[in-house]
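Trainee: I am new to this structure. Can we go through its charged pairs and its surface together?

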Amino acid sequence: MKTPGKELFPDIANLTFEAALEELQTLSKKMSEGGMPLAESVNAYSRGVALSKHCQKLLDDAKDKIRICDQELSKVVGEPEESNAKPKSQRGSVEYVEETDFIPDDDDIPF
């Protein structure tokens, strides 16, 4: 059996993440309330799968864009591109700090 997607629901490709997620939540609520005929339930489930895949693709694309921006920022700033470097907010600027080098001071503690 073929996985539902662009062929069955071509309109999904044009949805924003927010619109697709909202429709997915609406479908989920409607299905969980029950009372839908079997054919309508199967169609709703198939559309939900397609919406979920579309949302995941949009999230993956966003993660890729952020990763590329981080790499570009590292090149501009001249900081090493290390996977264990974490951004630390400091009065409007970003500083990359190694996990092992981080010692919180009073300004870093939120309470």
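Mentor: Start with a term. Buried means under 20% relative accessible area, exposed means over 50%, and partly exposed lies in between, with a 1.4 Å probe and protein chains only. Areas come from the Shrake-Rupley method, and for residues only the protein chains shown count as cover. This is a predicted model, where local features need pLDDT of at least 70, side-chain atom pairs count only at pLDDT 80 or more, and totals for chains, interfaces and linings use all residues. Residues are numbered from 1 along each chain as its sequence is written, and side-chain values use heavy atoms, leaving out hydrogens and water.

Trainee: How many salt bridges does the structure hold?

Mentor: Side chains of opposite charge can pair when their charged atoms come close. A salt bridge here is a side-chain nitrogen of Lys or Arg within 4 Å of a carboxyl oxygen of Asp or Glu. The count for this structure is six.

Trainee: Where does Glu23 lie?

Mentor: Glu23 is partly exposed, at 23% relative accessible area. Its side chain meets Arg47 in a salt bridge of 2.4 Å, N to O. Arg47 lies in helix α2, so the pair ties together parts 24 residues apart in sequence, and Glu23 itself lies in helix α1.

Trainee: What separates Lys75 and Glu72 in helix α2?

Mentor: Lys75 is exposed at 56%, while Glu72 is partly exposed at 41%. They form a salt bridge, with the closest N and O atoms 3.5 Å apart. Because they are three residues apart in helix α2, the separation is about one helical turn.

Trainee: Which residues make the nonpolar surface patch of about 280 Å²?

Mentor: Patches use residues with over 30% relative accessible area and no salt bridge; like charges are joined within 9 Å, nonpolar side chains (Val, Leu, Ile, Met, Phe, Trp, Tyr) within 5 Å. Val76 is exposed at 71%, and its place is in helix α2 (residues 38-77). The patch is made by Leu73, Val76 and Val77.

Note on methods. Areas by Shrake-Rupley, 256 points an atom, 1.4 Å probe, with all protein chains shown as cover. Helix = DSSP H or I, 4+ residues; strand = E, 2+ residues; numbered from the N terminus.
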